[in-house]
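These are my notebook entries on one protein chain. I recorded what I looked up, item by item.

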Amino acid sequence: VLGGGTPALRARTVLPAADSTASTAARIAVTFARPMNQDSLNGKVFIEPAVPFELGWLENEMQILPLTPLQPDTAYTVTVGPGAQDSTGAEMSGTVTWSFRTRQPRLAYIVPMGMQPSGELWWSQQDGSDAVRLSTENQQVTSFAAAPDGSAIVYAVEENRTTANLWRVDVGSPTPVQITKESNVYYQAPHYGTSADMVSVEVRR
């Protein structure tokens with residue numbers, strides 16, 4: 001820092017995004033603008049309302065890993081600092097603070113069409129109110145999986161006895177997106193792992 005000034009603690013990105021609505025299983029992380037002394041953050045990260053957590057690191061990204069689920073419909077504030085140090089050991093001024101609110105859990109389900117077990121994909125509040133169709137009209141959804149952070153749902157759509165392709169719908173987006181466009185390939189039973197970035201699926205050819 002020119003002139004010997006104290007560098008400010010800055011974040012390139014925070015998750016969930018500031019002032020956003022997120023799942024109770026949302027990923028909580030902050031990517032710093034400069035390499036950090038990771039040990040200097042121990043005891044300098046706070047969540048209100050209080051939640052027990054551990055810290056993990058991926059290069060400049062600090063991951064905040066809750067040990068118990070977040071509560072639904074609750075506003076949380078995350079504060080990092082003061083007293084954090086960069087990788088050179090220089091203490092950084094200020095804090096990084098942001099807030100987000102968790103959503104109420106929702107139910108996703110398939111509404112069968114006629115005598116078929118497949119049907120349209122819908123979701124609603126737990127009491128059945130505010131039901132919204134997620135798939136396009138008359139799609140024959142056979143199976144689906146929700147991302148661990150609640151950000152998206154991937155589902156399989158049967159086109160005929162030998163073909164079923166994968167679709168994805170993001171929370172807050174009214175438009176499903178087709179992921180695979182194949183013939184004589186039958187995708188089914190999508191499954192997320194621990195990350196919203198990876199989906200496994202059964203394939204029948």
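**Entry 1. The antiparallel sheet**

In what order do the four strands of the open antiparallel sheet stand? I worked from a predicted model, and I read the order as E1-E3-E6-E5. I then looked up the edges of this sheet. Strand E1 (11–15) and strand E5 (53–58) stand there, and each has a single partner strand, so one side of each is left without a neighbour in the sheet. I also noted the angle between neighbouring strands of this sheet, which is 15 degrees on average, direction ignored.

Strand E3 (residues 28–32) and E6 run antiparallel and are joined by four bridges. For Val 30, I found Met 62 in E6 as the bridge partner.

**Entry 2. The mixed sheet**

I turned to another open sheet of four strands, in which the order is E2-E8-E7-E4 and the pairing is mixed. Its edge strands are E2 and E4, each of which pairs on one side only. From one strand to the next, the twist averages 30 degrees.

Which pairs in this sheet are parallel and which are antiparallel? I took the pairs in turn.

- E2 and E8 pair in the parallel sense over three bridges, and Thr 21 stands opposite Arg 101 in E8.
- E7 and E8 pair in the antiparallel sense over six bridges, and Thr 77 stands opposite Ser 99 in E8.
- E4 and E7 also pair in the antiparallel sense, over four bridges, and Phe 46 stands opposite Thr 79 in E7.

**Entry 3. The two faces of E8**

I recalled a general point first. In a regular strand, the side chains alternate between the two faces of the sheet. I then listed the residues of E8 by face. Val 96, Trp 98, Phe 100 and Thr 102 make up the covered face. Thr 97, Ser 99 and Arg 101 make up the uncovered face.

Is Thr 102 buried or exposed? I found a relative accessible area of 1% for Thr 102; burial requires a value under 20%, so this residue counts as buried. Thr 102 lies in strand E8. I looked up what its side chain reaches. The backbone oxygen of Gln 71 is reached at 2.5 Å, and the backbone nitrogen of Thr 74 at 2.9 Å.

I also looked at Ile 47, which lies in strand E4. Ile 47 is buried as well, with a relative accessible area of 5%. I checked the separation between the C-alpha atoms of Ile 47 and Gly 83, and it is 16 Å. These two residues are 36 residues apart along the chain.

**Entry 4. Backbone exceptions**

Most residues other than glycine have a negative phi, and most peptide bonds are trans. I then searched for exceptions.

Where does Pro 49 lie? Pro 49 is in the loop between strand E4 (45–48) and E5. A cis peptide bond joins Glu 48 to Pro 49, with omega at about -5 degrees. I noted another cis peptide bond between Gly 81 and Pro 82, where omega is about 0 degrees. Pro 82 is found in the loop between strand E7 (75–80) and strand E8 (96–102).

For phi, I recorded Asp 19, which is not a glycine and yet has a positive value of about 65 degrees. Asp 19 sits in the loop between E1 and strand E2 (20–22). Its relative accessibility is 71%, and a residue over 50% is exposed, so Asp 19 counts as exposed.

Asp 130 also has a positive phi, near 55 degrees. I placed Asp 130 in the loop between strand E10 (119–125) and strand E11 (132–133). At 54% relative accessibility, Asp 130 counts as exposed.

**Entry 5. The largest pocket**

How many residues line the largest pocket? I found 18 lining residues, and Ala 25, Ala 26, Arg 27, Asp 149 and Thr 194 lie nearest the centre of the pocket. About 460 Å³ of space lies in this pocket.

I then asked which element gives the largest share of the lining. That element is strand E6 (residues 61–66), which provides four residues. By class, I recorded 10 nonpolar, five polar and three charged residues in the lining.

Terms used
Residues are numbered from 1 along each chain as its sequence is written. This is a predicted model: local features need pLDDT of at least 70, side-chain atom pairs count only at pLDDT 80 or more; totals for chains, interfaces and linings use all residues. Side-chain values use heavy atoms; hydrogens and water are left out. On a 1 Å grid over the protein atoms alone, a cavity is a set of points where a 1.4 Å probe fits but cannot get out, and a pocket is an open set with protein on both sides within 12 Å along at least five of seven lines; lining residues have an atom within 4 Å of a point. Grid points are joined across faces, edges and corners, and a volume is the space filled by probe spheres set on the points. Ala, Val, Leu, Ile, Met, Phe, Trp, Tyr, Cys and Pro count as nonpolar, Asp, Glu, Lys and Arg as charged, and the others, Gly among them, as polar. Two strands pair if DSSP finds at least two bridges between them. Axes are lines fitted to C-alpha atoms, for helices over the stretch in contact, and angles run from 0 to 180 degrees between N-to-C directions. Buried means under 20% relative accessible area, exposed over 50%, partly exposed in between (1.4 Å probe, protein chains only). A polar contact is a pair of N or O atoms within 3.5 Å; within protein, one must be able to donate a hydrogen and the other to accept it, and residues adjacent in sequence count only if both atoms are side-chain atoms.
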